[in-house]
Amino acid sequence: MMNNISDVYENLTLDTVLLFNGTANSTQETASNVVSTAALSTVLSLLILFTIIGNASVIIAITREKTLQTKGNCLVLSLAVADLLVACLVMPLGAVYEVSREWNLGKELCDIWTSFDVLCCTASILHLVAIAVDRYWAVTDIDYVRQRQSWHVGLTILIVWLVALSVSVAPLIGWKDEQHEERVLNEKRCLISQDPGYQLFATCATFYVPLIVILFLYWRIFRVAQKRIRRRPGTRAESRLVTATVMASLVTEMTLISTTTSSSHPSEASRSEDYLWDQSKEQVLKKRRRVNLRSKRERKAAKTLTVITGVFVICWLPFFTMALIMPLCEDCQPSNALFSFALWLGYANSMLNPVIYTVFSPDFRMAFKQIYLNSCRF
């Protein structure tokens, strides 16, 4: 009897300890989830806020400042509109999806959200291609900027949005994989159509072809700019300076020889030597300054183009690599965390575009200062 009571007591004690440990672990896990959810919500909210502020600032600056209302800036304005739509229509629902860790908003809203996602992000990327083409023509064709018409820029913007629309509506009219509905309703995952043919079409049209075009155009722009920097009007003058420097050195040597063989007029020879030497030294310094200026311009051009292409590749390459692999390889599925990180890294490109495409322009910087100074006064 005593043994039975002892066994019951030990079992109750063991159950109590296990229950206490389980409760403590559950409490710790709940607290950890709350902290991680709050941190994730804060980061995503700030990303959305900065994206809205940056692109809204570009739109306000172009619409208010007459100096910025150029044909080339129409492309930048349309790019800002596309990125603002990403921040307003795509990122908020994406943030809700990330925080809740499952899709509970139904199949129809999933289709609408993914369509807006593809439309706005594709339009943003294709605007980068249009800006690269516009800059390439402006650099390679001297008459392009003067002869460029408003309808030409408008047609370019229309083509960009039509291509983006064609990519985004394809799943809505039936180009979906067979598991799409089951994935949304049962697995609570909202993804764009995973049909291999559609993904190949979408990733090539949205990223890989634009990437090749951008890399080629900016490489050509840098090469043309490099040649023009090296063929500036001062180049012939520099060659004449080099010749003059060499002649001055030879004359100086002849003067020195004459002073050793003849002692007549030593002061005149000395003055002539000093004058020629000063002239030679000044010409060498001028040539060196011109070379340094040319190198600085080349480095600045290379830095600007590297930033533009580098940010684009870093932001979107991980996502589109996964987007292409996922439908083709069932055993190569990335983790949810990795996929989410790649997706939001791509969204971050919409936040960085206003900085990249305006920070190098003094007119934009001045317009931003006026906007923020006026807002601070109120």
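1. Confidence first, since this is a predicted model. Helices here are DSSP runs of H or I with at least four residues, numbered from the N terminus.

2. For the chain, the mean pLDDT is 78, with 71% of residues at 70 or more. Residues 234–266 stay under 50, and the model gives them 22 contacts (heavy atoms within 4.5 Å) beyond four places in sequence.

3. A helix pair to look at: helix 2 (residues 71–100) packs with helix 3 (residues 107–140) at about 155°, axes 9 Å apart. Axes are lines fitted to C-alpha atoms over the stretch in contact, and angles run from 0 to 180 degrees between N-to-C directions. The two helices are therefore roughly antiparallel (an angle over 145 degrees). The contact of helix 2 with helix 3 involves 18 nonpolar, five polar and three charged residues; Ala, Val, Leu, Ile, Met, Phe, Trp, Tyr, Cys and Pro count as nonpolar, Asp, Glu, Lys and Arg as charged, and the others, Gly among them, as polar.

4. On annotation, the unreviewed UniProt entry lists "transmembrane region" for several spans, including residues 38–62 and 338–360; such annotations may be inferred rather than shown by experiment. In the model, residues 38–62 are 100% helix, with end C-alpha atoms 36 Å apart. Residues 338–360 are 83% helix and 0% strand, their end C-alpha atoms 33 Å apart.

5. Some housekeeping. Residues are numbered from 1 along each chain as its sequence is written. Local features need pLDDT of at least 70, side-chain atom pairs count only at pLDDT 80 or more, totals for chains, interfaces and linings use all residues, and side-chain values use heavy atoms, leaving out hydrogens and water.

Notes:
Parallel < 35°, antiparallel > 145°, perpendicular 65-115°, else oblique. pLDDT = per-residue confidence, 0-100.
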